[in-house]
Amino acid sequence: MTDFTEVPRSIEDVLNARETLTSRREFLQRSGALVVSFGAAGVPGGDLLAAAVQAGGPTPDRIAGPYPDPDYLQLDTWVAIHADNTATFFVGKTDLGQGTGTAFRQMMSDELDIAFEATRVVMGSTDVTPDQGGSGGSDAIQTDGWPMRRVAAEARRILLEMASERFGVPVEGLHAEDAVVSVRSDPSRTATYAELIGDRRFNVTLTGRNVNSVSGVAEVKPVQDLRMVGRSPQRHDIPAKVDGSLEWAVDVRLPGMVHARNVRPPVAGATLRGYDEASVRDLPGFVRVVARGNYLAVVCEREEQAIEAARRLEADWEAPSRAPFPTSDDLYAYMRGATPTSSSDPALVGDPDAALRRAARVIEADYEVPFQGHTALGPAHALADPSDGQMTIYSNDMKSYGMRNGIAEFLDMPRDQVRVVWMEGPQAFGRTAADDAGFEAAFLAKELGRPVRVQWSREEESAWDTKGPAFAIRLRGGLDEGGELIAFDYDARAADYNHVGYNEVETVLISQLMGTRLDTPNQGRAATPSEMYAIPNRRMSTHVVRLPLIWETPLRTGNLRDPNGPQVTFASESFIDELAAAAGADPVAFRLKLLEGSTEDDGGFKRARSIATVRAAAEAYGWDPRPSPKPLDTGRTLTGRGIAYAYRSQTVVAEIAEVEVDRETGRVWVRRLVCAHDCGLVINPEALRRAVECGMLHSLSRALHEEVQFDDEKVLSVDWVTHPSLRHRDTPERIDVVIVNGDPNPERPDLPHYGAGETVCKPLIAAVANAIFDATGVRVRRVPFRPERVLAALQEAGL
Amino acid sequence: MSLVTLRVNGTEHTVDVDPSTRLLYVLRNDLGLRGPRFGCGLGQCGACTVIIDGVATRSCTTLTSRVQGEITTLEGLSPDGDLDPVQLAWIEEQVPQCGFCQNGQIMTAKALLDRNPDPTDEEIRTGMQRALCRCMTYYRVQAAIKRAAATMRQGAPDAEETAR
């Protein structure tokens, strides 16, 4: 066992070398600090929870309601010990496929002292799990993991107290392991957790101002006592996904249910003047046409009937008098010419204007990133059941709690008569923060008084899902005679006005189509780079612009995996590369110099960890120092490598891409990827590796292929032909993921567990662009790098 | 509506549907199967893939009345609960993220390996090219196919060949 007062070796080296001023002791205290306080026991909870526990989860038995919120201040809300000496954990999170559910079991079983295999976890259903907000912000482990650990530790403490009473032995004289408490002085005296409390309630009240601060009396274990954390048990959700036995949200079938399909406006902003029910009334299985405002849907007995009826329903739409948006070709000119709806106060360091005036060289560049969609593989879907005067929605909504609140308001129902049963679904990544189909199914179910299943078409999903905002970013940088970066001026514009939130009523398309409007739309945001570069003179300005149509628009902006990060980092880390090239410096050395230009650090050692991470990526890749571009290859295939780095919250990543550019077709193939990744304590290294690999490839798809294209009235990229995506042939032949902070034992770190997932999306596009430059000497400044665009750039450069 | 008889996973089923109904909806809504899923309805993504007489087929564009042969769905790969080597490799490699597309990945890979038990990297890339994954699990999918191929050839995984 290592000494756990040490930070990881890679960080330690940096700290020692740099004699950082931050106190390590202070850092360790801060990172491990827990507020513990004592609460009285005995507040009774609902019996629903016990019923749900016995039923083995939230889905099968469809309790009649109402559905009050589980009380997060009750230990029984979180942990149940069963008569067979197993445990169930109840957490208010949703697993989007990165394995957080398995990680929660690892963390909680460690704290409870029960075998991982003897546990299971119930997630994200509003009536049986405490409201932890569902998923978002890659905070499941970083934030929500703490109350989970604390409540599991508290359950262990209570069990030890019960055993103490039973044996007449002080708690200090007891040992808990694998859900059995034994007397240290006489190990033959044992009691299982089941014998102590199996199928009975703890009736222990916790303390905490909110769900994130929930705590009992017990403290969590020091990291060296954790057994499952740092190991890689297989994800528990995978077998059922592989053998076809999993019941997904798309699979739920109820007696008497009907199928609905939406009919969307043919052009954005169109007004529904009427429809001809006779055009579908005689179709087999026809049930009803439902229209409200500009929302139009048709309901049939069978799914294929609803699809056909939606296709055949004749409706009279009136196009808007004014074009709802510029074409995607004209988008950036429009954005640059528009008067911002809001501008941030520039973040200022030094005097960038003066520094630019005295700079030996000034570099300027414009970067452009289009609207990009989620385009989930499975279009939006939900089933709503209005039985017993309640409303139950079976949904893959990542933010099921928000959806419950939003639907209750939308339908004017009491919150406790609405519940969302969370089930697995296609990748969410922010899409279901505006869970259109859930609201639609609930509305239609209430209208019809029958269970209604809604599923969007491919074209509807690709056109009308929420979008990551387009960016136009101007950068200026100044180098002195020695090639030192002395000025950095960042100015970003994002088409992000009326950015939608988290399942509030106005976020969803159905409610917008029915006329819901906010008096003051969300102002949106254009973010700034997240790096630790020490640049003496710097200005960072951001602006938001609006398109003409902001409601009922297919260009509805919302959170797309690491919101704004890929766009911003593409520009900033490409530009750092441009400056390195202008200075004749190696791109890794240029970045390290900027990182090492200050000794100031934050409480999480982010500067030191940035240095360690950039170094680790370069080492794993086998980076040979030299400036970019490299001398041009002579053959048809041009090869190069590029690096980019960023952080998100306390998670730091550096990524290197190695590309092949086909000079005859313009096709870019990323042959190899390296990611050095530091997210603090790692719960499940193998699950982390896969999340990192897939997150990088998602960004690679955005780098090479993805763009929402539109004319001035509708989206044109609506399927997998018109909206290409990464495919098998694009896959790198090698991906290396280097977990910088101890992987996993024996060098187990004592950094807290930070978030993982979204951070890797930030630098990837820039790494690819920098590699293309290294290979070709041509700088691509507009995403995506589709073959025709790269080829045109190569030809323009005379290659 | 009319009666259509289908052989699915070794069992004969007769359903009363409009014969133009796409096979996907019959498998899901009449037979209650969960493996094939709707992704696009256009035959572009592969989420609905089933194997008909050894050929990976997009059930979302297949007319039910035209189906003549034996249909195998994801569930049919392990009829007695014994997982197919492809499914085992998927678990060993921990391939899925959300998993929604994996029916298409697994069924396409199964048909590929039945046709070509020892595919090259290039043959895997080409053979899988039309199976989309939006979580981008391709790297592990390809590793799992190699692992499954090694298992099927040798009866046990060859560590050297499947290591990545």
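**Domains, sheets and contacts**

A: One begins with the domains, whose bounds come from an automatic or database domain assignment. For chain A, the assignment gives domain 1 (47-243), domain 2 (249-321 + 380-455) and domain 3 (565-796). Residues are numbered from 1 along each chain as its sequence is written, while chains are lettered from A and ligands numbered from 1 in the order in which they are written. This is a predicted model, so local features need pLDDT of at least 70 and side-chain atom pairs count only at pLDDT 80 or more, whereas totals for chains, interfaces and linings use all residues.

Q: How does one read a sheet, and which strands of chain A form the open sheet of three strands?

A: Two strands pair if DSSP finds at least two bridges between them. In chain A the order is β4-β5-β6, with antiparallel pairing. From one strand to the next, the twist averages 25°. Strand β5 (residues 180-183) of chain A pairs with β6(A) over four bridges, and A:Ser182 stands opposite A:Thr190 in β6(A).

Q: Which helix lies across these strands, and how is its angle to β4(A) to be read?

A: Angles run from 0 to 180 degrees between N-to-C directions, and the axes are lines fitted to C-alpha atoms, for helices over the stretch in contact. Helix α6(A) lies across β4, β5 and β6 of chain A and runs at about 135° to β4(A).

Q: How is burial judged, and is A:Val223 buried or partly exposed?

A: A residue is buried if 20 or more other C-beta atoms lie within 10 Å of its own, exposed if 12 or fewer, and partly exposed in between, with C-beta atoms placed from the backbone. A:Val223 counts as partly exposed because it has 18 C-beta neighbours inside 10 Å. This residue is found in the loop between α7 (193-197) and α8 (238-243) of chain A.

Q: How many residues of α9(A) are buried, and what do they pack against?

A: Eight of the 10 residues of α9(A) are buried, among them A:Ala306, A:Ile307 and A:Ala310. The buried residues pack against β7 (258-262), β9 (286-292) and β10 (295-300) of chain A, together with α1 (23-30) of chain B.

Q: How many residues does each chain give to the contact between chains A and B?

A: Chain A gives 48 residues and chain B gives 47 residues. On the chain A side, α8, α9 (303-312) and α19 (685-704) of chain A give two or more residues. The most comes from α19(A), with seven residues. By class, the side of chain A that touches chain B has 18 nonpolar, 15 polar and 15 charged residues.

Q: What is the strand order of the sheet in chain B, and which helix packs on this sheet?

A: Five strands form an open sheet in the order β2-β1-β5-β3-β4 (chain B), with mixed pairing. Its edge strands are β2 (11-17) and β4 (55-58) of chain B. Helix α3 (residues 102-115) of chain B packs on the sheet, touching β3 (49-52) and β4 of chain B, and its direction makes about 25° with that of β3(B). Strands β1 (residues 2-8) and β5 (residues 70-72) of chain B run parallel and are joined by two bridges, and B:Arg7 stands opposite B:Glu70 in β5(B).

Definitions and conventions:
Two residues are in contact if their C-beta atoms, placed from the backbone, lie within 7 Å. Ala, Val, Leu, Ile, Met, Phe, Trp, Tyr, Cys and Pro count as nonpolar, Asp, Glu, Lys and Arg as charged, and the others, Gly among them, as polar.
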